[in-house]
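Colleague: I should like to learn how to read a model of this kind. Could we take its features one at a time?

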Amino acid sequence: MNDTFTRQFHQLRPRLFGIAYRMLGSRADADDAVQDTWLRWNANDARAALASADAWLVTVTTRLCIDRLRSAIAEREAYIGPWLAEPIVTRASDLPESRLELAGDISMAFMLMLERLGPEERAVFLLHEVFDCGYADIAAAVGKTEAACRQLLHRARERVRAARPRFAVSDAMHMDLLGRFVTAAQSGERAQLAQLFAPDASFTADGGGKVSAILNVVRGADKIARFYESMARKYGDVTTFEHASINGQPGLLRLVDGKLDSTISFDMEDGRISAIYVVRNPDKLVRARRR
């Protein structure tokens with residue numbers, strides 16, 4: 001019987017991790033939430049009588065994440081500079097189980113968009129929009145009535161609507177722009193760089209107060225181009241870029257003296273780069289460095 005319960009949990013584990021990571025924006029915190037769910041599942045003597053093991057596990061994971069996110073709000077308000085999610089760097093050789101964890105949108109833009117939502121709004125939005133849960137299951141997971149969940153979802157949709165990307169970009173176009181960006185960033189040619197960015201492009205860097213990083217979002221193609229021109233002058237001789245999949249999208253790893261300095265994620269629109277997200281906080285790069 002224990003083997004059956006263990007198998008039930010591990011079959012659902014990728015889904016539980018997917019919920020937890022999107023809720024918390026931290027792989028370490030997501031792993032902790034899934035592990036706590038496992039401990040509670042193992043200690044539940046009434047498992048055999050459950051109408052749905054999946055619903056029970058999703059409910060426990062969601063409530064653990066809501067509690068953790070409530071306590072994290074104060075931490076993020078005191079965070080130095082912009083806060084970005086811990087990047088998930090994957091390789092083609094990763095196990096299929098690992099790729100299952102990434103099913104659906106976990107892009108940096110999407111994760112940043114979720115920061116607009118309160119803990120319960122975030123849970124309802126994710127369970128309905130990403131994981132296709134019915135209102136009855138969502139109500140059980142967040143401890144609200146179905147009517148209340150519908151209101152939460154309506155409010156969440158209104159808050160994130162403006163942040164949704166308007167156009168999807170093909171992987172081929174994405175990779176082409178990345179290649180051109182690498183060439184321009186290494187040369188430091190400001191005019192060449194500026195042509196790659198949309199006029200209202202944004203640059204967001206997360207150093208977390210642990211390393212140097214721009215503390216405010218930089219907006220405008222020329223300002224971003226000037227920044228990369230300056231970086232090429234200062235660090236061009238010791239900087240290289242490597243292609244990687246970051247949060248399910250083509251991105252770059254920036255290496256300085258052969259060591260991982262940051263991950264770089266991009267939004268693309270109308271053939272130009274519309275946003276850049278740079279994670280430099282070393283605490284958020286621990287797993288990426290191991291890879």
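Modeller: Let us begin with helices, which are DSSP runs of H or I of at least four residues, numbered from the N terminus. The model is predicted. In it, Gly188 occupies the loop that joins helix H9 (171-187) to helix H10 (190-196).

Colleague: Is Gly188 buried or exposed?

Modeller: Buried means under 20% relative accessible area. Gly188 has 10% relative accessibility, so this residue counts as buried.

Colleague: Which residues is Gly188 in contact with, leaving aside its neighbours within four places in sequence?

Modeller: They are Leu193, Tyr228, Glu229 and Ala232. As for Leu177, 11 residues from Gly188 along the chain, the two C-alpha atoms are 16 Å apart.

Colleague: How is the length of helix H3 to be judged?

Modeller: The expected span is 1.5 Å times one less than the number of residues. Helix H3 (residues 53-77) has 25 residues and should therefore span 36 Å, which agrees with the 36 Å between its end C-alpha atoms. H3 also bends by about 30° at Ser71.

Colleague: Which residues touch the most other members of the largest nonpolar core?

Modeller: In soluble globular proteins, nonpolar side chains tend to be buried together. Here the largest nonpolar core has 61 residues, and Tyr21, Met23, Leu114 and Phe125 touch the most other members. Helix H1 (residues 2-24) supplies the largest share of this core, 10 residues. Another core, of 26 residues, lies apart from it and includes Phe181, Ala201, Tyr228 and Ile264.

Colleague: What does Tyr21 touch, not counting residues up to four places away in sequence?

Modeller: Its contacts include Ala30, Ala85, Pro87, Ile88, Ile106, Met111 and Asn247.

Note on methods:
Residues are numbered from 1 along each chain as its sequence is written. This is a predicted model: local features need pLDDT of at least 70, side-chain atom pairs count only at pLDDT 80 or more; totals for chains, interfaces and linings use all residues. Side-chain values use heavy atoms; hydrogens and water are left out. A nonpolar core is a set of buried Ala, Val, Leu, Ile, Met, Phe, Trp, Tyr and Cys residues joined through side-chain atoms within 4.5 Å. Buried means under 20% relative accessible area, exposed over 50%, partly exposed in between (1.4 Å probe, protein chains only). Helices (H or I, at least four residues) and strands (E, at least two) are DSSP runs, numbered from the N terminus. Contact means heavy atoms within 4.5 Å. The bend at a residue is the angle between axes fitted to the seven residues ending there and the seven starting there.
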